[in-house]
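Keep the structure open beside you as you read.

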Amino acid sequence: MRRSAQLVISATVFVDLLGFTLILPALPFYAADLGATGLWFGALMSAYSVAQLVAAPVLGRLSDRYGRRPLVLLALAGSVLSMALTGLATSLAWLLVCRALAGACGGSISVAQAYLADAVPAERRTGAMAQMGAAIGMAFVIGPALGGGLAPLGFAACAYAAAGLAAVNLAAALAWLPEPDGPRTAQDGEEASSPDRGLRRPVVLLAGTGFLAMAAFVGMETTLAFLGRDRYGWDATSIGLALAAAGLAMAAVQAGLVSRLARRWGEARVAAIGAVTMAACMVAIPLAATWWLCLAAVCLLAAGHGLLTPTVSSLLAAAGPQEQRGARLGTGQSAGAAARIVGPAAAGLLFDVGAAMPYLAGAASAALAVAAVLAVPALEPAGREEGA
């Protein structure tokens, strides 16, 4: 059951994000048709992350109390609704509300991570998180390609196709997604009488690690198009291919390498190696003399991020009692959403100062992530947690 549950929850997240990313190529053009200014478009792009920032800890805590499966199903139903309403949107305000609803449902990734942590043995937890990360990465590669193919049919067609995928996904989850073993339900009065250990120092440090690494990564994504255009003459197709290559590099690392390295060296060391790799590549990108060296640095940067994200999630899952696991992972997801809000704006401002500035700042951010993850107190080793 544990292996089948792992596959089902990873497939559920993949299909959900596939539907979401499918509308991204057509969204800017439809927003422009509705009269969007630059400010409006920025608000549309930020609404998803802002809603995810707020919703992720709430969904995580609700899953601790009421179970993982009901919250996953609720979020999938919300995805169906948000995509269907997106296809019907006739105003920017309506589209903004739909984006926020989609972001709130996207906060369910933390619930899915908690589901995996409950469903698999502790010694396989990092591998399971990496598999989910690979599924998310592939959704961000395949979804835009499908959306580009459907774009000539119109934005509504893309949104309804996404809603259809979400509906099929919801039906499959209803049929095949069981409730995992746990989480344990707190006894009456237990929560009130005990401190919230899920928000102590390890969780703050781990959430900070995720924030710093994500801020560096999205800073690269935000400014790479301008750097590539000015330095190497890249056009939109070249940028798309470069980012797709980065996504494939991240997915490849998460597909198998992360779990093997974590078993050998431990999650904290692997996360630190990922952050060190990111810092080095952030420095190398603006210094690259040729386009292929720049592309290699971008792919290595993505691979470093692929080492860091699942190991930090695994450490968060182990950083406290099982009945607060959803809350901890929700905090981590919320930190990532905050980085996706702050990172692009900061990188854009720094790029106006100098082309290398956002990359040097990203290198500093990744270096701080190294310090943060290595400062995490030793956690119970995988394989001995909770009697696994």
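A crossing of two helices is called left-handed if the near helix is turned anticlockwise from the far one by less than a right angle, and right-handed if clockwise. Helices here are DSSP runs (H or I, at least four residues), numbered from the N terminus. Before we use these ideas, please note that this is a predicted model, in which local features need pLDDT of at least 70 and side-chain atom pairs count only at pLDDT 80 or more, while totals for chains, interfaces and linings use all residues. Residues are numbered from 1 along each chain as its sequence is written, and side-chain values use heavy atoms, with hydrogens and water left out.

**How helices cross**

For each pair of helices, a line called an axis is fitted to the C-alpha atoms over the stretch in contact, and the angle between the N-to-C directions runs from 0 to 180 degrees.

| Helix pair | Axes come within | Crossing angle |
|---|---|---|
| α11 (residues 236-265) and α13 (residues 291-318) | 7 Å | roughly 40° |
| α12 (residues 267-287) and α15 (residues 357-374) | 8 Å | roughly 170° |
| α4 (residues 68-88) and α6 | 9 Å | roughly 150° |

With its angle of roughly 150°, α4 is roughly antiparallel to α6. The words for these angles have cut-offs: under 35 degrees counts as roughly parallel, over 145 as roughly antiparallel, 65 to 115 as roughly perpendicular, and the rest as oblique. The helices α12 and α15 are also roughly antiparallel to each other, whereas α11 and α13 are oblique.

Now for handedness. The crossing of α12 and α15 is left-handed, and α4 passes α6 in a left-handed crossing too. In contrast, α11 passes α13 in a right-handed crossing.

**A helix with a bend**

How many residues does helix α14 have? Running over residues 325-353, α14 has 29 residues. From its first C-alpha to its last, α14 reaches 42 Å, close to the 42 Å expected at 1.5 Å a residue; the expected span is 1.5 Å times one less than the number of residues. Where does α14 bend? The bend of about 25° is at Val342, and a proline, Pro344, follows within four residues. A bend at a residue is the angle between axes fitted to the seven residues ending there and the seven starting there.

A disulfide is a pair of cysteine sulfur atoms within 2.5 Å, and the structure holds zero disulfides. Cys98, for one, is in no disulfide, as the nearest cysteine sulfur, that of Cys105, is 11 Å away. For Cys299, the closest cysteine sulfur is in Cys281, at 9.6 Å, which is too far for a bond.

Are these cysteines buried or exposed? Cys98 is buried, with a relative accessible area of 4%, and Cys299 is buried as well, at 19%. Buried means under 20% relative accessible area, exposed means over 50%, and partly exposed is in between (1.4 Å probe, protein chains only).

**Buried residues and their distances**

Ser110 sits in helix α6 (residues 109-119) and is buried, with a relative accessible area of 0%. Ser110 and Ser63 are 47 residues apart in sequence, and their C-alpha atoms are 9.6 Å apart in space.

Thr209 belongs to helix α10 (residues 201-232) and counts as buried at 0% relative accessibility. Along the chain, Thr209 and Ala371 are 162 residues apart, yet 8.5 Å separates their C-alpha atoms.

Leu170, in helix α8 (residues 155-176), counts as buried at 19% relative accessibility. Leu170 and Leu350 are 180 residues apart in sequence, with 42 Å between their C-alpha atoms.

How values were computed: Helices (H or I, at least four residues) and strands (E, at least two) are DSSP runs, numbered from the N terminus.
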